[in-house]
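Please examine the sequence and the structure below before reading on.

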Amino acid sequence: MVVSSNAFATFNLPTQVISIKLDGTNFLAWSAQLIPLFRSYGLMGIVDGSNPCPSQYSSDELCDQSVFNSAYVVWQYKDQTVLGWIVSSLSPSIVSTIYGLETSRLAWQDLNLRFVALSTSRISLIKRKLQSFQQGSMSCQSFQDEVKSLSDELLAVGKPVEDFDLILSVLNGLNSSFHSFVTTYMLFAKEKSMSFSDFHAELLNYDLM
């Protein structure tokens with residue numbers, strides 16, 4: 001292959017480490033880590049199709065000479081780098097489903113089509129679970145940790161829960177032994193708001209009394 005100029009002189013990407021692997025249940029959290037990465041390197045256009053692949057040859061003469069258009073070579077390099085990021089961020093079971101998809105756009109489209117609807121349903125499920133979650137036999141600490149974990153899942157996909165709503169979820173799910181604390185808090189809340197971290201500390205202090 002002959003390239004008409006030094007195609008890689010102005011583009012160099014470091015190796016990226018993707019912390020969240022797509023397993024079929026976490027698409028929104030997975031995509032939330034990749035999209036800013038694509039944008040930060042100016043690569044989103046390759047993924048969404050707004051920056052299409054240039055012509056392989058810049059002229060008929062260069063085509064006859066098998067001299068590739070440098071813009072085409074750079075675009076291919078970027079595209080395959082992004083495709084590599086996507087593949088490296090998939091669990092083995094998901095990787096096997098995109099064999100044969102040779103561009104980052106094709107892989108991205110395929111994954112979106114399969115998992116967006118599923119992820120939207122999961123958001124609704126987490127919200128319902130958060131609203132109805134009960135302490136049961138869990139310790140106060142474990143119960144709050146579980147509630148916070150559900151909240152963090154929503155935060156990871158761009159659906160943060162306000163502290164007030166998160167506190168209400170905890171209050172509504174506490175066992176009857178915390179009735180006095182709930183009553184006291186509701187009276188306090190009429191006068192002053194409280195952050196979830198402060199509420200968390202107050203509830204644990206009450207539990208130790």
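What covers the buried residues of α8? In this predicted model, the cover includes α6 (104-132), α7 (140-156), α9 (179-189) and α10 (196-208). The points below set this helix in the context of the chain.

**Overall architecture**
- The protein chain contains 10 helices and two strands.
- Read from the N terminus, its elements follow the order β-α-α-α-β-α-α-α-α-α-α-α.
- Of the 209 residues in the chain, 35% are buried.
- Among contacts with a separation of 6 or more, 64% join residues 24 or more positions apart.
- The accessible surface amounts to about 12,000 Å², and carbon and sulfur atoms account for 54% of it.

**Helix α8**
- Helix α8 spans residues 163-173, and its buried residues are L166, I167, S169, V170, L171 and G173.
- An α-helix has 3.6 residues a turn, so residues three or four places apart point the same way.

**Nonpolar cores**
- The largest nonpolar core comprises 24 residues, and L22, W30, F38, I86, L90, W108 and L111 have the most contacts inside it.
- At least two residues of this core come from each of α1 (27-40), α2 (44-48), α4 (70-88), α5 (92-95) and α6.
- Beyond its neighbours within four places in sequence, I86 is in contact with W30, F38, S104, W108 and L111.
- Another core, of 22 residues, lies apart from the largest one and includes F143, V147, I167 and Y185.
- In soluble globular proteins, nonpolar side chains tend to be buried together.

Notes. Residues numbered from 1 in each chain as written. Predicted model: local features only at pLDDT ≥ 70, side-chain atom pairs only at ≥ 80, totals over all residues. Heavy atoms only, no water. Helix = DSSP H or I, 4+ residues; strand = E, 2+ residues; numbered from the N terminus. Buried < 20%, exposed > 50% of the residue type's maximum accessible area, 1.4 Å probe, protein only. Contact = heavy atoms within 4.5 Å. Areas by Shrake-Rupley, 256 points an atom, 1.4 Å probe, with all protein chains shown as cover. Core = buried A, V, L, I, M, F, W, Y, C linked by side-chain atoms within 4.5 Å.
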